[in-house]
Amino acid sequence: MSTAVSDNDTSSGPQQAGPKPPPVPEGSRTVTLKIQRFNPEFDEEPRWESYDVPALSTDRLLNLLHYVKWYLDGTLAFRRSCAHGVCGSDAMQINGVNRLACKVLMKDMLAPQGKPTVITIAPIKGLPVQKDLYVDMEPFFEAFKAIKPYLITYGNEPSKERIQSPADRERFDDTTKCILCACCTTSCPVYWADGSYFGPAAIVNAHRFIFDSRDQGAEERLDILNDAEGVWRCRTTFNCTDACPRGIQVTKAIQEVKRALLFKRV
Ligand code: SF4
Ligand code: SF4
Ligand code: FES
């Protein structure tokens with residue numbers, strides 16, 4: 001689970017400029033960030049605000065958000081921690097697509113020379129917005145916890161370690177890569193329509209244990225996912241697979257869980 005650090009400053013409403021920005025780096029281009037803002041203390045509805053920021057092609061979008069936060073408007077709130085695609089805390093909608101801001105390279109975002117680059121940034125969808133790009137992740141983690149994301153064993157304690165063949169380990173390798181960023185769940189139309197659906201991330205993490213040869217809790221987890229809000233809600237639209245920054249075959253994992261339920265075989 002990621003340990004998110006918040007750049008959340010709830011003490012102020014209107015724009016709050018910070019220290020003088022550093023000199024504009026040579027070779028940089030001006031990029032306009034159009035950011036959805038919402039401060040529950042001042043706003044009834046979300047609004048859009050634009051910021052012009054110097055960007056190098058080697059920058060990541062997260063660098064530009066830091067520039068806004070540190071030099072242009074300290075009231076901007078967003079999460080980030082590792083800045084290297086590991087903690088999963090900076091998921092946001094970037095030009096309408098769920099991505100991690102720290103993994104978006106400016107070289108892929110810049111318009112051709114002479115044309116303006118405008119990037120829209122909004123919070124991920126389907127979770128309550130607390131401030132700006134900062135959402136309440138609690139419903140997401142509740143679904144994750146509900147599928148018992150830990151090894152379950154009954155007796156047969158080994159004297160040393162629980163042995164597993166490379167082939168058995170390979171069976172669930174893909175789903176071990178999840179960093180709980182919520183890009184998949186918050187790109188799922190079923191989750192948008194009904195937040196009580198477990199969502200793809202929870203099912204991916206159930207898959208990680210259901211297909212682990214050392215685990216004995218598969219039946220319990222399958223029972224949980226056989227619920228009205230479980231795997232059968234998935235409409236196989238692949239949004240989740242497209243959104244996953246770790247390249248996990250999310251929809252395939254959901255299909256495998258469905259098959260395990262249908263054929264009672266793991
Ligand atoms: S494949 Fe299923 S879980 Fe993934 S986005 Fe589509 S409906 Fe949601
Ligand atoms: S499956 Fe992928 S998109 Fe979904 S939470 Fe895990 S890492 Fe993020
Ligand atoms: S800040 Fe950790 S994944 Fe982007």
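Student: What are the bounds of domain 1 and domain 2 in the domain assignment of the chain?

Tutor: The model is predicted, so that local features need pLDDT of at least 70 and side-chain atom pairs count only at pLDDT 80 or more, while totals for chains, interfaces and linings use all residues. Residues are numbered from 1 along each chain as its sequence is written, and chains are lettered from A and ligands numbered from 1 in the order in which they are written. The bounds come from an automatic or database domain assignment, and that assignment gives domain 1 as 5-134 and domain 2 as 137-263.

Student: How many residues does each domain give to the contact between domain 1 and domain 2?

Tutor: Taken over C-alpha atoms, the centres of domain 1 and domain 2 are separated by 31 Å. Two residues are in contact if their C-beta atoms, placed from the backbone, lie within 7 Å. By that rule the contact takes 13 residues from domain 1 and 15 residues from domain 2.

Student: Which element gives the largest share of the side of domain 1 that touches domain 2?

Tutor: Elements here are DSSP runs numbered from the N terminus, helices being H or I with at least four residues and strands being E with at least two. The side of domain 1 that touches domain 2 divides into 6 nonpolar, 4 polar and 3 charged residues, where Ala, Val, Leu, Ile, Met, Phe, Trp, Tyr, Cys and Pro count as nonpolar, Asp, Glu, Lys and Arg as charged, and the others, Gly among them, as polar. The largest share of this side, 3 residues, comes from β6.

Student: In what order do the 5 strands of the open sheet stand?

Tutor: Strands of a sheet pair through backbone hydrogen bonds, either parallel or antiparallel, and two strands are taken to pair if DSSP finds at least two bridges between them. In this open sheet the pairing is mixed. The order of its 5 strands is β3-β2-β7-β5-β6.

Student: Which strands are the edge strands of this sheet?

Tutor: An edge strand of this sheet pairs on one side only. One pairing is that of β2 (residues 29-37) with β3, which is antiparallel over 9 bridges and sets Lys34 opposite Ser50 in β3. The edge strands are β3 (47-55) and β6 (97-100).

Student: About what angle does the direction of helix α1 make with that of β3?

Tutor: Axes are lines fitted to C-alpha atoms, for helices over the stretch in contact, and angles run from 0 to 180 degrees between N-to-C directions. Helix α1 (residues 61-72) packs on the sheet and touches β2, β3 and β5 (91-94). Its direction and that of β3 make an angle of about 105°.

Student: Which residue takes a positive phi in the hairpin of β5 and β6?

Tutor: Strands β5 and β6 run antiparallel and are joined by 4 bridges, with Met92 standing opposite Arg99 in β6. Their hairpin has 2 residues between the strands. The residue with a positive phi, near 50°, is Asn95.

Student: Which element gives the most residues to the shell around ligand 1?

Tutor: A residue is near a molecule if its C-beta atom, placed from the backbone, lies within 6 Å of it. Ligand 1 is surrounded by 13 residues, of which the closest are Cys188, Cys234, Thr237, Asn239 and Cys240. Two or more residues come from each of α7 (239-243) and α8 (250-263), and the element that gives the most, with 3 residues, is α8.

Student: How many nonpolar, polar and charged residues are in the shell around ligand 2?

Tutor: Around ligand 2 there are 16 residues, and those that come nearest are Cys178, Cys181, Cys184, Ala201 and Cys244. Helix α5 (residues 200-210) gives the most to this shell, with 3 residues. By class, the shell has 14 nonpolar, 1 polar and 1 charged.
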